[in-house]
Amino acid sequence: MSLGSFIKKQFIDVLQWNEEKEGVLAWRFPMQDFEIQNGAILNVRESQVAVFVNEGKIADVFGPGTHKLTTQTLPLLTNLKNWDKLFDSPFKSDVYYFSTRVQTGRKWGTPQPITIRDKDFDMIRVRAFGMYSYRIADARTFFTEISGTREVYTRDEVEDQLRGILMSSMASSLGGANVPFLDMAANQALMAQQVKDGLAQAFARYGVGLDEFNVASISLPEELQAALDERISAGMKGGLGADKMSGFTKFQVANAIPLAAQNEGGMAGIGAGLGAGLSIGQVMAQGMGNALQPPAPAAPPAPAEEPVEARLEKLKGLLDKGLISPADYDGAKAELLKKLIG
C-alpha cells in the first residue's frame with residue numbers, strides 16, 4: 001500500500017449516504033480494504049437504516065441519528081471479538097445503507113389470465129391490474145434474504161421477485177375466495193383487501209412491508225367478455241316481465257338483420273320481396289315481436305260456385321213443392337239466365 005493510500009484511509013471518519021440516484025434500495029459504503037476507523041461517525045438520515053456487517057455477519061443495525069463507532073457502541077461486535085476497550089485499530093467491516101422510504105405508484109398486472117371457478121359462469125379466466133406501494137420494513141431480513149453483499153441493489157431488481165410473489169398470492173386468493181366474477185368486478189376494494197392480507201404475509205418473509213394495494217380493473221379475456229356482453233344485452237332486450245328466452249330470441253333476430261345487410265342481395269332482397277310500401281323498420285319490429293308466436297292457421301279455401309243449370313233445377317223444384325211463388329220463380333230465373341247469357 002502506498003503512503004498516500006494509507007493516509008487517505010485514515011481520514012475516512014464520516015460515513016453517510018445522500019441517495020443521489022432514484023430507485024436504489026441498498027447501497028454499500030465504499031471503503032478501502034473494508035476498514036472503518038475506531039471512532040468514525042456514522043450518519044443515518046430519516047428514512048434510512050444502516051447495517052454494520054463484520055466478516056459477512058450482521059453485527060449491529062443503526063436507525064436514524066448520529067452514531068460514533070467504537071467498541072462501546074458495538075457491544076455485540078466487541079463480545080464476538082473479545083476486543084479490549086482501548087483497542088484503536090480499524091474495524092475490518094463494512095456498512096450497508098437501506099432506504100426505508102415508501103416506494104409508491106408501483107404497477108402490477110397479471111401477464112396471463114388466472115383460471116378460477118365461478119358459480120355463474122363455471123370455469124373462467126380473469127385478468128387484473130392495479131397499483132401497490134411498499135418499503136423495507138426489516139433491513140436485517142432484507143439483507144440476508146434478498147440484497148446480500150452487492151454494492152447497489154435497485155428497486156427494479158426487487159420488484160422482479162415481488163411480481164412473482166404477487167402473482168402467486170393473487171392466484172391463491174382469487175381461487176379460494178369463492179366470490180362470483182360479477183361481485184368481484186363490482187367491488188374491487190373488497191377484492192383488493194382479500195389479496196392484500198395474503199400478500200402482506202408473503203412480502204414480510206423478505207423484510208418488505210406492503211403499504212398499499214389496490215385493484216384498478218378486473219376483466220375477462222376478449223372472447224369471454226364478448227359472450228358476457230351478449231348475455232347482458234339479451235337480458236336488457238327482453239323487457240320488463242318478458243320471458244327470458246323470448247328476449248334472447250328477439251335479440252338474435254335484431255342481430256341477424258344487420259348481418260344480412262352485409263351479404264350480397266341481403267337487405268335489397270328483403271326490401272324487394274316485401275314491396276315498396278313496407279319499410280325495413282317494420283320488418284325488424286315484426287321479426288322481434290313475432291319471433292316466438294305460433295303461425296296463424298291457414299284460411300279455408302272458398303267453395304266452388306254451383307253451375308247455373310243446377311241452380312235452375314233446384315229453383316224449379318222449390319216452385320213445384322209450393323215453397324216459392326211463380327213470381328219469385330220468374331224473377332230468380334231471369335237473373336240466372338242473365339248470368340248465363342252475359
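In strand S4, Leu42 is the bridge partner of Leu15. This pairing belongs to the contact between S1 and S4 (residues 40–44), two strands that run parallel and are joined by two bridges. Strands are taken here as DSSP runs of E with at least two residues, and helices as runs of H or I with at least four residues, both numbered from the N terminus; two strands are said to pair if DSSP finds at least two bridges between them. The model is a predicted one, so local features are reported only at pLDDT of at least 70 and side-chain atom pairs only at pLDDT 80 or more, while totals for chains, interfaces and linings use all residues. Residues are numbered from 1 along each chain as its sequence is written, and side-chain values use heavy atoms, with hydrogens and water left out.

S1 and S4 are part of an open sheet of three strands, with the order S1-S4-S7 and mixed pairing. Strand S1 (14–15) and strand S7 (65–69) are the edge strands; each has a single partner strand, so one side of each is left without a neighbour in the sheet.

S2 and strand S12 (residues 152–154) are antiparallel and share three bridges, and Ala26 has Tyr153 in S12 as its bridge partner. S2 is also mostly covered, with five of its five residues buried; buried means under 20% relative accessible area, exposed means over 50%, and partly exposed lies in between, using a 1.4 Å probe and protein chains only.

Glu19, in the loop between S1 and S2, is not a glycine but has a positive phi of about 55 degrees. Ser47 sits in the loop between S4 and strand S5 (48–54), and this residue, also not a glycine, has a positive phi of about 75 degrees. With a relative accessible area of 25%, Ser47 is partly exposed.

Helix H3 (residues 139–147) has several buried residues, namely Ala139, Thr141, Phe142, Phe143, Ile146 and Ser147. Both ends of the helix can be described. After H3 comes Gly148, with a positive phi near 65 degrees.

Asp94 is buried and has no salt bridge, the nearest side chain of opposite charge being Arg28 at 4.8 Å. The side chain of Asp94 does make a polar contact of 3.4 Å with that of Tyr96. A polar contact is a pair of N or O atoms within 3.5 Å; within protein, one must be able to donate a hydrogen and the other to accept it, and residues adjacent in sequence count only if both atoms are side-chain atoms.

Over the whole structure, the search finds eight salt bridges. One of them joins the side chains of Glu159 and Arg106 at 2.7 Å, N to O. This pair links distant parts of the chain, with Glu159 in helix H4 (residues 155–177) and Arg106 in strand S9 (residues 103–109), 53 residues apart. Glu159 is buried at 3% relative accessibility, and Arg106 is buried at 16% relative accessible area.

Another salt bridge connects Asp160 and Arg163 at 3.0 Å, N to O. Asp160 and Arg163 are three residues apart in helix H4, so about one helical turn separates them. Asp160 is exposed, with a relative accessible area of 53%, whereas Arg163 is partly exposed at 39%. Arg106, Glu159, Asp160 and Arg163 are linked in a network of salt bridges.

In helix H11 (residues 308–320), Asp320 and Lys316 are four residues apart and about one helical turn separates them. Their salt bridge has its closest N and O atoms 2.7 Å apart. Asp320 is exposed, with a relative accessible area of 55%, and Lys316 is partly exposed at 36%.

Note on methods: Lys and Arg count as positive and Asp and Glu as negative; His and the chain ends are not counted. A salt bridge is a side-chain nitrogen of Lys or Arg within 4 Å of a carboxyl oxygen of Asp or Glu.
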